[in-house]
Amino acid sequence: MRCCPTSTLHLLRCLRLRSCTRRGKSRLPLWIRELWAYMSLLVQSLYFNSLTDSDVVFDSVFEPVFWTVDYVTRWFGTVFVCLVVILVSSIVGIAYMVLLPLILNTYSPVWIAWHVCYGHWNIVMIAFHYYKATKTSPGYPPTEKNDSPFVAVCKKCIMPKPARTHHCGICNRCILKMDHHCPWLNNCVGHFNHRYFFCFCLFMTLGCVYCSISGRNLFLDAYKALEVRCSNSHHTVGLLTNYQTSAPPYTFKDKMIHKSIIYMWVLTSTAGVALGALTLWHAVLISRGETSIERHINSKETKRMANRGKVYRNPYNYGSLNNWKVFFGVEKRSHWLTRVLLPSGHTPLCDGLKWDVFPVKKDLIPV
């Protein structure tokens with residue numbers, strides 16, 4: 001007796017339906033099923049097609065780690081901003097309440113004028129650029145159809161990406177001329193706030209170096225005073241017996257002044273070294289006409305072209321001086337004062353969507 005193909009298919013469908021109904025009775029919780037589906041998707045992505053390489057495998061395996069880091073960084077951004085404000089405010093408070101009275105009582109009028117003018121200028125530049133860096137949008141590509149040129153399509157946004165645009169996993173959107181996501185700003189560093197970020201780092205470094213150098217002698221005196229007072233506190237009885245005189249009074253106010261000076265010097269010295277190294281690195285990148293992300297891209301392209309016997313040239317490198325002019329938005333000589341040494345909210349020279357490539361060697365902006 002032959003088995004009819006139609007009846008066989010019907011029997012298989014019934015068995016499958018029955019097994020599905022059994023599964024439905026013992027369904028796992030939703031979060032477990034979602035986690036299992038996500039892990040299955042990650043495993044399947046490892047052998048999705050023949051174009052899979054080590055980078056794809058690495059990204060797929062560490063995707064949960066990347067997601068966790070992005071989430072934590074996004075959540076802690078506000079905490080980091082508050083920490084910066086608190087630390088800077090504490091140094092400014094110590095400068096006004098402790099250092100300024102000492103300067104007025106001990107320094108000559110010329111040095112008093114120098115410290116007052118430079119200190120207030122530095123504070124204004126730090127506060128202005130930090131506020132602008134946190135509040136200014138880094139720049140986003142248009143979300144509607146337009147005639148702007150693009151070089152790729154973002155795999156996550158599924159939107160056209162103009163040149164020098166990259167996707168930020170923390171902000172979860174594409175950023176024009178993205179450099180990096182800074183947790184201390186709780187914002188991306190991109191085309192429209194890159195100058196504010198660099199100027200903040202620069203003037204913060206100058207302020208830390210200024211406090212560290214000018215307060216070195218005060219730090220040594222305060223440290224020695226605390227050390228001497230500590231040792232004398234254990235020998236007060238012996239001093240009273242031998243010299244018949246009491247130790248000089250050491251009030252709570254003196255103790256707090258000395259500790260404040262030590263705190264200020266240690267904090268500004270360590271921050272000056274760390275922030276100075278970061279500022280120097282970004283200055284090198286700006287001189288080369290590239291961002292932190294483009295540094296890695298250009299390095300790979302240089303090696304790839306070298307293997308083919310060719311030389312790679314960064315299309316956005318206009319020469320060191322021109323790179324700084326474009327970065328600061330300097331169009332004439334007076335702009336070095338009004339746009340660099342003084343607070344300025346001017347926008348960059350271009351819109352971040354179109355870039356001039358391979359310019360001529362002469363000055364783009366005659367100064």
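Me: At what relative accessibility does Arg 304 sit, and what does Arg 304 count as?

Reply: Arg 304 has 35% relative accessibility, so Arg 304 counts as partly exposed. Buried is under 20% relative accessible area, exposed is over 50%, and partly exposed is in between (1.4 Å probe, protein chains only). Bear in mind that this is a predicted model: local features need pLDDT of at least 70 and side-chain atom pairs pLDDT 80 or more, while totals for chains, interfaces and linings use all residues. Numbering runs from 1 along each chain as its sequence is written, and side-chain values use heavy atoms, without hydrogens and water.

Me: Which side chain meets Arg 304 in a salt bridge?

Reply: Side chains of opposite charge can pair when their charged atoms come close. Here a salt bridge needs a side-chain nitrogen of Lys or Arg within 4 Å of a carboxyl oxygen of Asp or Glu. Glu 301 is the partner of Arg 304, at 2.7 Å from N to O. The two are three residues apart in helix 10, so about one helical turn separates them. Glu 301 is partly exposed as well, at 24%. (Helices are DSSP runs of H or I, at least four residues; strands are E runs of at least two; both are numbered from the N terminus.)

Me: How many salt bridges are there by this rule?

Reply: The count is four. Among them is Glu 294 with Arg 164, again at 2.7 Å. Glu 294 belongs to helix 10 (residues 292-307) and Arg 164 to the loop between strand 2 and strand 3 (166-168), so this pair ties together parts 130 residues apart in sequence. Both of these residues are buried. Another pair is Glu 331 and Arg 339, whose closest N and O atoms are 3.5 Å apart. Glu 331 is partly exposed at 42%, while Arg 339 is buried at 18%.

Me: Which helix gives the most to the lining of the largest cavity?

Reply: Helix 11 gives the most, with four residues.
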